[in-house]
Amino acid sequence: MPNDFWDHPAIAAACTDRDMGALISAYRHHPQHLSRVTQDRMAAWLGISQAQLSRYESGENQIDRLDRLRHFAQVLGVPGERLWFDRVVIPAQVGLPVAGPPDVLAAPWEATSIARSVEETARSDLAISRRAALTGAAAVTVGSALVEPLQRWLHPLQNLSKWSSHSAISEEELYALQRVADGLRGWGGRGGYGLARKAVLGQLDELAERLGRAPSGPTTERAFFIGAELSKVAASMSFDAGLHNAAQRYYVLAVRMAKAGHNDGFAALCLAAMARQMFDLGRPEDGLELVQLGQYGTRRTGTPTLKALLLTREAWAYAQMGKTREFHQAVGMAQDSFAQRDADNEPRYLHNFDEAELEGVIGARCRDLAMHDPAQAVFAEQHIRRALALRDPSKVRNRAFDVIGLARTKMVAGDPEAACGLINEVLPTAAKLSSGRVLRKLEDFAKEAARHRHIPAVQDTRDAIRAIRTA
C-alpha cells in the first residue's frame, strides 16, 4: 500500500488506541481499495476463521499476544513506524524466512500451554504452502529427543482450578463441536492434502482459541478430547500426504490434548499411531518405545481392544527387527486380549479395530517378518485372506491395503505372476483414491518386483504403477 494509505483517520486512531482488531477493520473498509475486502477474504489472508475475525473486529476478543500481533502486521504490511507493540523487523518484509511452527515437544504440559501450542501450530500450517511443507517432510524427531518428552504424559497435569474466569463451554457448543468433528473425521480416512486438511486445521485453530479462554470443568475437558480427535485426523491426513514432520506435530498435540481431556486411552491410541509412523520411516526401536509408553500408561485402565491394538504394534516392531519368537508371542497375546472384548463397552474411537482389522494387521506384519524368514509368508496369506473375507466393502482403502499386502506376500513366496495379477486388480481402485499411503505401498511393490522385471507381466505391472504415480 502507498504511504498515504496509513494516514487514514480510522487507521491512525486504531494505532493510537493500540487496537489490532480496529486496525484490521479500518484496513478492510479503507476507501482506496478497488474492490471490497470481505471478512471471509481477510480471514483467509490472516489464516483464521471468519468467526474469529468478527470477534476481533468487534472487540469481543482482544489481540494481545505478541506473536499474533506480529503475524497480522506482517500479513497486512503495516509499516514499522506504525507498530505500537515493538519495533522489531518483520521477517517477511525484508525477505527473511518466516519462523516455523512451534516446538510442540518442549511446551509445558498444562492446559493453557497445550491450547496455545495447538492454536499456534494450526495457524502456522494454514499459512504455509504445500511446497514449503514438503521441504521439511522428512525432518522428524527421533530417538530419545522424541520419547523422553512424551514420558511427561504419565504425570498429572497442573491443577486447573484457577485457569480462567471466562464463561464455560456450554453443552450446546459441545454438541456442535462434536458434530463438526464427526464430519471431519469422515474425511480423515480418504487421504489427501488440500481443502479437507485445511478445514480440519481451521476448526482446530478456532477450538484451541476457545479452549484458551475457558475455565476448568467437565465440558472443557470433553472439548479438549474433541480437539484431540481433530488433531489426530490432521496427523493422519498429513501422514497420508507424506508430510511426516507435520504428522508428528499433530500426533504429539493429540496426545497432549487427550491428556488435558483426561482420556488416557485415546492418548495411547495416538502413541500407537506415532509408532506406526516410526515403522514407516524404518525406526522400529523408536516405534517400540512409543508403544511400550502407551502400554505402561494404560496398564490398569486399557480395554481389551486397546491392549490388543497396542500388542499388534509391538509385534510390528519385532517383525521389522526379524524377531520371530517375540513376534508370535505378541500376536498370540493380542488375539487373546481381543477375544475378551465386549464391543458394546469399547469406546467409539476403537470401533474401527474390528476382527477384519486385527487379521489384516497381523497378516501384513507376518509379511514384514517373511522378509527375514520366508517361512512366515504362508501365515501372512492366511491372515490377509481372512481379513478380506471379513472386511466391510465400504472400507475401500483398507481393502486396497489388504490386496497390496497379499500381492507383496506372493512376491516374497516366489510367485511374481500371481502377485502382479493381484496388483492389476487393485490398480483401478488405487487410481481413484487420493491416498499417498496407497501409492507408496504400490511403489514398495514395484521396488520388490524389480528383480523379476525380465518377466513381461512384472514389467507391465511396474509400468502401470509408474503411470498412476505420475498421473
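1. His262 sits in the loop between α12 (244-260) and α13 (264-280), where helices (H or I, at least four residues) are DSSP runs numbered from the N terminus. The phi of His262 is positive, about 55°, although His262 is not a glycine. With a relative accessible area of 55%, His262 is exposed, a term that stands for over 50%, whereas buried stands for under 20% and partly exposed for what lies in between (1.4 Å probe, protein chains only).

2. Before reading further, please keep in mind that this is a predicted model, in which local features need pLDDT of at least 70 and side-chain atom pairs count only at pLDDT 80 or more, while totals for chains, interfaces and linings use all residues. Residues are numbered from 1 along each chain as its sequence is written, and side-chain values use heavy atoms, with hydrogens and water left out.

3. Arg18, in the loop between α1 (9-16) and α2 (20-28), also has a positive phi, near 55°, in a residue other than glycine. Arg18 counts as exposed because its relative accessibility is 58%. As background, most residues other than glycine have a negative phi.

4. How do helix α14 and helix α15 cross? The axes of α14 (residues 284-297) and α15 (residues 304-321) come within 9 Å and cross at roughly 160°, the axes being lines fitted to C-alpha atoms over the stretch in contact, with angles running from 0 to 180 degrees between N-to-C directions. The two helices are therefore roughly antiparallel to each other, a term used for angles over 145 degrees, while under 35 counts as roughly parallel, 65 to 115 as roughly perpendicular and the rest as oblique.

5. The contact (heavy atoms within 4.5 Å) between these helices involves, among others, Pro284, Leu288 and Val291 of α14 and Leu310, Ala317 and Met321 of α15. The residues of this contact divide into eight nonpolar, three polar and three charged; Asp, Glu, Lys and Arg count as charged, Ala, Val, Leu, Ile, Met, Phe, Trp, Tyr, Cys and Pro as nonpolar, and the others, Gly among them, as polar.

6. Leaving aside neighbours within four places in sequence, Arg408 is in contact with Arg367, Lys441, Asp444, Phe445 and Glu448.

7. Finally, Cys270 counts as buried at 0% relative accessibility, and Cys420 counts as buried at 1%. The count of disulfides comes to zero, where a disulfide is a pair of cysteine sulfur atoms within 2.5 Å.
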